[in-house]
Amino acid sequence: MQRKMTTARPDYLSKVQAAGLVYTHDDAHSSAPQLYRYWRDDAYYELTPQEIEVLHQAATAVFSMMEEAGDYLLSPAGASDLARFGIPHRAMRAIRDSWNEEPAAGSVYGRFDFRFGGLTHPEPDQRIPKLYEFNADTPTSLVESLVQWQWFEDQPQLGSSQWTNMYEDLVAAWQRNLEIISRKIGAVPTVYFACSEEDTSHEDQMNTLVLRDTCAAAGYRTETIYIENLWVDEQGRYCAGENGPHIQVIFKLYPWEHMVHSENADELFEDMRDSGFDGASYRGGTIWIEPPYKMLWSTKAILPVLWKLFGEDPDRSQYLLPAWFDGQAPYYIQRLGYVRKPLLSREGADITMYLPDGGLTLGEAQGYGEEGFIIQELALPPVFRRADEATDVSTVLGIWMIDGEPSGLAVRESQGPITDNFANFIPHVISH
């Protein structure tokens, strides 16, 4: 795995923005405008086919562990750990029902974040992918992950291929999931796609539109709506605006942890009791994608559970970092260094890295942490030299999971060890 430079396409900015990446730009007032671009057209990461296979195996193994952890958490044996997740009681029935539904339907995508420096990295521990976290409910960066294919098509001499199967896999995922849902409700639904109108960067909007496009390509009618414009009628049913049509199926790029505390939270989960989960007959409730059980995976509380269940398994634990709930970490972790993470946070916010030498690295303070924290053993991301600017960057690899299977790669790099909202997205190639 190597970081390489290339020549930026002269018209790259207009190309990526036309493809939906409207939230990257040049800073006209900067002497080094490339520092302010989210998308980097003049750099890329080269991975070998063997390294892609290693990442595929790691993501497959971790997803399997996630499934077993879900079963554990919803069993009597996992009750005490589940209590640490901070999930309101009102949501638990919907979580259990959606988890137990057979055949499984309603989950389309997610993204793992891994530490991995490549198979030839000088540090042996960097040669094995290690899970940082799972963006299971509202992952973004899908637009740029697809846009990188256009970048590769414009300069195919840089590599043999690219790991970007997400579009085709999403179409297949919608077909499988919605075929099951259609049989359940006895009709082919119009699928609504929602995000918040408060997103001024349009990142959520464009990611939502990509998902809508793949659903339409799967053959389904689609509509868009802002989450703020959803309406609950007198019967407690969700509608597309006041006096609008009843919504049978909706995808929302909006966090469950916000929805469980919303003004209509009680009505929301009462309505779900009629959505036909767990073999019950469908009685008109709205079916939400991603499903409620994603609350088990989208919190960092899942990380100490994974370590508890699989930390002593030599084959499976190789992909995990030791993790504990706050207050349960062993004393020796202070010598090795550790990271304190809020259960619910985004883009590195409110993370604190405690380095072995006593130093601290802080994520941006945004007020996360009310639900609690976890402790994860310090595992700094691999550092690559950014030769164009004579600086070092820390790199994190995102693996897209589509319908439970590894589907593609998203590479981000940041100025420091915490991947924050200032990180760059860098395309990749698979070597010849």
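User: Which residues line the second largest cavity?

Analyst: This is a predicted model, in which local features need pLDDT of at least 70 and side-chain atom pairs count only at pLDDT 80 or more, while totals for chains, interfaces and linings use all residues. Residues are numbered from 1 along each chain as its sequence is written, and side-chain values use heavy atoms, leaving out hydrogens and water. A cavity is a set of points, on a 1 Å grid over the protein atoms alone, where a 1.4 Å probe fits but cannot get out, and a lining residue has an atom within 4 Å of a point. For the second largest cavity, the lining residues are Leu131, Leu303, Leu306, Leu320, Leu321 and Gln376.

User: What is the volume of the second largest cavity?

Analyst: A volume is the space filled by probe spheres set on the grid points, which are joined across faces, edges and corners. The structure holds two cavities of 30 Å³ or more, and the volume of the second largest cavity is about 40 Å³.

User: How many charged residues are in the lining of the largest cavity?

Analyst: Asp, Glu, Lys and Arg count as charged, Ala, Val, Leu, Ile, Met, Phe, Trp, Tyr, Cys and Pro as nonpolar, and the others, Gly among them, as polar. The largest cavity, with about 130 Å³ of space, has a lining that includes Phe85, His261 and Glu371. By class, that lining has six nonpolar and four polar residues, and the number of charged residues is two.

Terms used:
1 Å grid on protein atoms, 1.4 Å probe; cavity = no way out; pocket = protein on both sides within 12 Å on 5 of 7 lines; lining within 4 Å.
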